[in-house]
Amino acid sequence: MNICVIPGDGIGPEVMAVATDALRRLAPDLTLVEAEAGWGVFQRTGTALPETTLAIARQATAILFGAVASPSYPVPGYRSPIVELRRTLDLYANIRPTTGPGVDLVIVRENTEDLYSGRERLEDDGNTAIAERVITRNASARIVRTACELARTRQTTGHPGKVTIVHKANVLRVSDGLFRTVAFEIAADYPELSFEERLVDVAAMQLAAQPQRFDVIVTTNLFGDILSDIACIHGGGLGVAASSNLGQDRALFEPVHGAAPDIAGRGIANPTAALNCVVMLLDWLNRPQAADHLQRAIAAVATAGICTPDVGGEATTREVADAILEQLTIQP
Ligand code: NAI
Ligand code: MG
């Protein structure tokens with residue numbers, strides 16, 4: 001069984017080195033196949049997501065993705081490879097859990113459309129830029145269904161079975177209007193769950209101030225991107241938060257964080273988010289014992305106070321990694 005590993009740019013390779021060390025130890029039968037994507041490969045070859053990478057990703061059972069650095073200005077021929085991968089492989093559901101004291105919530109983010117459609121243009125006069133926000137019935141229905149199924153599964157482990165539908169349909173009446181309508185149509189199929197709706201700005205405030213009131217949040221692509229960075233504060237921050245991107249029979253796991261150019265190369269990136277991605281991958285591969293073993297190792301090392309500066313410690317990436325790998329040598 002092949003796992004495609006895409007380290008990417010910045011701290012991506014630093015944290016993925018730790019993740020692959022852990023994965024090799026916990027699942028030595030898996031074949032890890034490394035592939036390139038991002039700004040670095042774009043600068044060398046003129047493409048951010050090479051065909052060879054796509055081919056490896058396509059034939060892999062799952063993908064582990066580090067982070068890529070995408071410039072915040074137009075570069076001819078450059079498109080964010082992670083957005084491209086999600087769309088090309090139809091990894092339509094972005095699942096972003098946060099757990100912390102009193103907080104246990106999951107953001108389910110639509111992953112293939114919305115303002116990330118890539119349909120942006122500058123008018124001829126150069127003074128007007130237009131982005132098309134694409135919302136479809138199909139994509140809305142399947143993401144809401146995914147959220148409902150997740151809420152139902154969580155209900156069996158004591159969660160309240162509550163789905164919060166987040167939108168901005170009071171302003172985006174047509175696009176989010178469609179998302180909202182479809183969401184409530186799907187909701188009707190789940191009488192055992194409770195549903196509420198929130199406008200995205202209020203949802204952001206409540207997510208910051210009262211995160212414990214949420215169970216499963218379902219929303220469109222851009223809102224989910226922003227809300228998940230707010231949510232992760234309650235779980236230890238960006239250095240900890242992991243996510244899965246799920247398609248019909250394929251999955252990609254990636255930290256919520258980006259390439260962190262401000263700390264890249266300094267050896268202080270927190271590898272926990274990347275390791276939590278390995279936990280998610282092992283779970284998805286139906287290897288709960290290995291997943292649990294790694295989760296316990298991560299927790300034990302954090303409890304011992306061996307952690308990187310972003311979470312208040314003084315350890316380096318390598319020191320945290322070595323402590324966790326050491327824990328993995330102890331039989332569960
Ligand atoms: P970022 O997530 O890379 O960093 C934000 C802040 O969090 C920085 O201060 C960084 O040092 C810190 N941080 C992030 N991950 C950390 C970790 N593991 N350990 C310790 N500190 C960590 O977001 P930013 O700075 O806005 O974007 C940097 C680049 O990353 C941009 O080029 C952006 O396009 C790209 N990016 C890529 C993503 C992806 O590959 N999925 C997601 C988000 C941004
Ligand atoms: Mg983001």
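Biologist: Is F253 buried or exposed?
Modeller: Buried means under 20% relative accessible area, exposed over 50% and partly exposed in between, with a 1.4 Å probe and protein chains only. The relative accessible area of F253 is 1%, so F253 is buried.

Biologist: What pLDDT do local features need in this predicted model?
Modeller: Residues are numbered from 1 along each chain as its sequence is written, chains are lettered from A and ligands numbered from 1 in the order in which they are written, and side-chain values use heavy atoms, with hydrogens and water left out. This is a predicted model in which side-chain atom pairs count only at pLDDT 80 or more, totals for chains, interfaces and linings use all residues, and local features need pLDDT of at least 70.

Biologist: How many aromatic pairs are there?
Modeller: Rings of Phe, Tyr and Trp (its six-membered ring) pair if their centres lie within 6.5 Å; planes under 30 degrees apart count as stacked, over 60 as edge-to-face and the rest as tilted. By this rule the number of aromatic pairs is 4.

Biologist: Why is the pair of F42 and Y78 called edge-to-face?
Modeller: The ring centres of F42 and Y78 are 5.1 Å apart. The pair is edge-to-face because the planes stand at 90°.

Biologist: Where in the chain is Y78, the partner of F42?
Modeller: Helices (H or I, at least four residues) and strands (E, at least two) are DSSP runs, numbered from the N terminus. The pair links distant parts of the chain, 36 residues apart, with F42 in helix α2 (residues 39-45). Both partners are buried, F42 at 11% relative accessible area and Y78 at 12%. Y78 is in the loop between β3 (62-67) and α4 (81-88).

Biologist: Which residue forms an aromatic pair with F253?
Modeller: The pair is edge-to-face, at 6.1 Å centre to centre and 65° between the planes. F253 is in strand β12 (residues 251-255), and its partner, 31 residues apart, is in helix α9 (residues 272-284).

Biologist: How many residues surround ligand 1?
Modeller: A residue is near a molecule if one of its heavy atoms lies within 4 Å of it. The closest are V68, G258, A260, D262 and N270. The number of surrounding residues is 20.

Biologist: How much of the accessible area of ligand 1 does the protein cover?
Modeller: A polar contact is a pair of N or O atoms within 3.5 Å; within protein, one must be able to donate a hydrogen and the other to accept it, and residues adjacent in sequence count only if both atoms are side-chain atoms. Oxygen atoms of ligand 1 lie 2.9 Å from a polar backbone atom of V68, 3.0 Å from one of A259 and 2.8 Å from a backbone N or O atom of A260. Accessible areas come from the Shrake-Rupley method with a 1.4 Å probe; for residues, only the protein chains shown count as cover. Of the 810 Å² that ligand 1 has on its own, the protein covers 68%.

Biologist: What is the phi of A260?
Modeller: Most residues other than glycine have a negative phi. A260 lies in the loop between β12 and α9 and is partly exposed, with a relative accessible area of 21%. A260 has a positive phi, near 45°.
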